[in-house]
Amino acid sequence: MSDTVAGAPATFGAKGYPAALEWVARRAEAFVIPIVALIVGMVLFSLFILAVGKSPIQLYETMWRGGFGSWFSVQNSLSRAAPLLLAALCVALPARLGLVVIGGEGAIVLGGVAAAAAGTAFSGAPSFIVILVMGVAGMAAGGIWIGAVGALRHYRAVNETISSLLMANIAIALMNQLVEGPLRDPASLNKPSTQPLADIYRIGNMPGMEVHWGLAVGVVACVLSWVLIEKTRWGFAARIAGGNVRAAQVQGLAVGSLIVGFTGLAGAFAGLAGMLEVAAVQGSANASLAAGYGYTGILVAFLARHNPLAIIPVAFLLGGIDASGGLIQRRMDLPDATVLVLQGMLFVVILFSETLYGRFKAFNPDLWQRSR
Amino acid sequence: MDATEIGLWGVPLAILGGAIRVSTPFIFVSLGEAITERSGRINLGLEGTLVFGAMSAYAVAVMTGSPWLGLLAAAFAGLCFGLFHGWICKFPKVNDIAIGIALMLFGSGLAFFFGKPFIQPSAPDLPAIPFGAWSDIPQVQAALDVNVLFLIGAALAAFLWWAFRNTRAGLILRVVGDSSDAARAMGLNPNTVRLAATGVGGALAGIGGAYLSLYYPGSWTEGISSGQGLMAVALVIFARWNPLGCFAAALLFGGAGALGPALQSVGVTQGYYLFYAAPYILTLVIMIATSSPSRSLAGAPGELSITK
C-alpha cells in the first residue's frame with residue numbers, strides 16, 4: 001500500500017494528517033462505494049415498486065421478514081447462501097487474473113453428476129470414505145471443466161467468457177444424457193435421476209440448525225481463497241498477471257500454470273457446490289442441479305468485487321433476498337420475479353459504481369491539502 | 001403425420017424445416033450482435049433483450065390483436081435496452097461484458113415480472129407463407145411453411161453485408177470498431193457510434209424475441225428462450241462478424257438443434273441430448289481451431305474486448 005502505512009511508527013503522514021486517518025481514508029473507498037451503490041440500487045427499486053402501485057416500505061419489510069427477520073428465515077437464507085459461496089468463488093478467483101468466467105453452472109452440474117456416480121460406485125464402503133470420494137470426484141470434474149477453459153485461454157487464446165458459456169451448455173446436455181441414459185435409476189419415472197444415495201452417505205445439518213454442512217464448507221473455502229489471494233506468493237503473482245500478462249512473463253512468472261491453477265481451483269469449488277447439492281439436498285443427480293446457482297454466483301462475485309471475504313456477507317444477502325421471494329409473492333401479490341428485478345438493478349448499479357473508484361479526493365490522502 | 005411414411009427422407013426434411021423455423025431468432029439476434037460487435041463493443045445482454053422482446057410482443061399482440069404492433073413494441077423495447085447498454089458502457093472502467101451479464105438478468109427479470117398476466121391468453125400469430133403448397137406430402141408442407149420474418153432476416157443479412165462495405169454508415173461503424181483513435185482522428189465520436197450500434201442491435205434482438213412468442217413456439221412462457229441470445233454471441237464469432245456468415249451459421253445452428261428431434265422421429269433415440277449440444281460443441285471446436293495466441297481472430301474488430 002502506501003509508504004506512510006508501511007512505516008507504521010509515524011503518527012503523522014506526509015501531509016501532516018494523523019496516519020490513522022489516512023489509513024482509514026485509503027480503505028474507506030472499498031466499503032463506502034459499494035454500500036452507497038447498494039442503497040442507490042434499493043432506492044431505484046423502490047421507485048420501480050411505486051411505479052407498479054405497491055408500497056416499497058411494505059416490500060422491504062416483507063423482504064426483511066422473509067429473509068432475515070427470524071431464526072427460521074435466517075436458516076433458510078443461509079441454506080440458499082451455501083451453494084452461492086462456492087459458485088461465486090468460481091467467478092472471483094479467475095477474476096484476479098483478469099478473466100471473466102461465467103460458466104460455473106457447468107462445473108456445478110458435472111460436479112454433481114460425478115459425485116452421484118462416485119457415490120453409487122463406492123456404495124457399501126464406510127460413509128466418511130464415500131463422502132470424501134464424492135467430494136474429490138465433484139471437485140475433479142468441476143476443476144477439469146473450468147481448468148480447461150483456462151488452458152484454452154492461455155494456450156489457444158480462446159476467449160474464456162464465451163468458451164465457459166458454451167461449455168456450461170455442453171455440461172448440461174452431458175448431464176441430461178448421463179442421467180437419462182447410463183446413470184439413470186430405472187425407478188425414477190417422472191424425473192430421471194441417478195440412483196438415490198443411501199441415507200448414511202447423505203450430508204446432514206450442522207448441530208443446532210436446519211442448515212447443512214455445505215455452508216461451513218463454503219465459508220472455509222472463501223477464507224482459504226482470501227488467504228491464497230492476499231497472503232501467498234501465488235495470489236500476488238496472479239494479481240500481477242491479471243494486471244499485465246507481459247509484465248508478469250518478463251518477471252519470469254509461469255502465467256500458464258497460474259491461469260490453469262486458478263481456473264482449475266475455481267472450477268473445483270463449483271464442482272464441490274454440485275457435490276453438496278447432491279449429497280446434502282437432492283440425494284441424487286438430476287435436472288434440478290441446473291438451478292441457476294452458477295448464474296447467481298456471478299452476481300455475488302461482482303457485488304463482492306471479487307473479494308472472497310466479501311462474498312460471505314453478499315451471498316447471505318442474496319440468499320435472503322432469494323428466500324423472501326415466496327413471501328413477497330404471497331403477501332403483496334407481486335410476481336416471484338420481483339427479486340430477479342431487484343437483483344438485476346443491484347447488479348447494474350454496482351457495475352456502474354466501478355467508474356467512481358479513484359474519483360474522490362476524500363479517499364486519497366496523497367491529494368489532500370496540507371493542513372495549516 | 002408419421003415421418004416413417006416417407007422413410008428416412010423425413011430426416012433431412014425435418015432438419016430443413018427445423019433449420020428454417022428455429023433459425024429465425026438466431027438470425028436477428030446474431031445480426032444485431034454483429035452490428036454491435038463491429039462497433040467494438042459486445043452486448044451479452046441480448047439474451048435478456050430477447051426474452052423481454054418476446055414478452056412485450058406477446059403482451060401488445062394480446063392487447064391490440066395485431067402481431068405487427070407486437071413486433072414493433074418488441075423492437076422498441078430492444079432499442080431501449082440496447083441504448084441503455086450503450087450509454088452505461090461509455091463511462092470509464094465500466095466493463096461491457098459484465099454489464100451485459102447484468103442486463104441479461106435484469107431483462108429476463110422484468111419480462112417475467114410483467115409477463116405473468118400473459119401466460120394464459122393467446123395472441124395472434126405472425127403470418128407464414130406456404131411455399132410447400134405444391135406438395136401433397138404434409139411433411140413437405142410443414143417444412144416449407146416459411147415465416148415472413150425469416151425472409152426479412154435473410155434480406156437484412158444480405159443488405160448488411162452490402163452496407164458494411166459500401167455505405168458511409170458501414171465505414172464509420174468499421175472504423176470505430178477497429179480503432180477508437182483513428183475514429184477520433186476522423187472527427188467521429190466512438191461513444192455515439194457505439195450507442196447507435198448497440199441500440200440497433202438491441203432492436204433486432206427484440207424482433208428475434210417477438211418471433212419466439214408470436215410464431216414458434218408461439219406462446220409466452222418463462223422458459224421461452226433456450227439461450228438463443230447467448231448462443232448468438234458465439235455464433236457471431238463463428239461467422240467472423242460477417243452478416244452473410246451469420247445467416248448461414250444461424251441456419252446451421254437451427255439445423256443442428258433440429259437434428260435430435262428429427263432422428264428421434266425415425267426411431268434413433270440414442271444421444272438425444274448430445275445432439276442438442278451439437279451447436280455448442282461445433283462453435284467451441286471452431287473457436288479452438290481458429291484462435292491463436294500470437295494473433296487475433298481474422299476479421300475481428302480491433303477494439304473488441306473479447307478478442308484481445
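This is a predicted model: local features need pLDDT of at least 70, side-chain atom pairs count only at pLDDT 80 or more; totals for chains, interfaces and linings use all residues.
Q: Where does Pro217(B) lie?
A: Helices are DSSP runs of H or I with at least four residues, numbered from the N terminus. Pro217(B) lies in the loop between helix 9 (190–214) and helix 10 (228–238) of chain B. A cis peptide bond, with omega about 0 degrees, joins Tyr216(B) to Pro217(B).

Q: How many residues of chain A are in contact with chain B?
A: Two residues are in contact if their C-beta atoms, placed from the backbone, lie within 7 Å. Here 38 residues of chain A are in contact with 41 residues of chain B. On the chain A side, the elements giving two or more residues are helix 6 (127–156), helix 7 (160–180), helix 12 (293–303) and helix 15 (338–353). Helix 7 of chain A supplies the largest share, 12 residues.

Q: Which residues other than glycine have a positive phi?
A: One of them is Ala157(A), with phi near 60 degrees, in the loop between helix 6 and helix 7 of chain A. Another is Arg240(B), at about 55 degrees, in the loop between helix 10 and helix 11 (243–265) of chain B.

Q: Why does Ala157(A) count as partly exposed?
A: A residue is buried if 20 or more other C-beta atoms, placed from the backbone, lie within 10 Å of its own, exposed if 12 or fewer, and partly exposed in between. Ala157(A) counts as partly exposed because it has 19 C-beta neighbours inside 10 Å. Arg240(B) has 16 such neighbours, so Arg240(B) counts as partly exposed.

Definitions and conventions
Residues are numbered from 1 along each chain as its sequence is written. Chains are lettered from A and ligands numbered from 1 in the order in which they are written.
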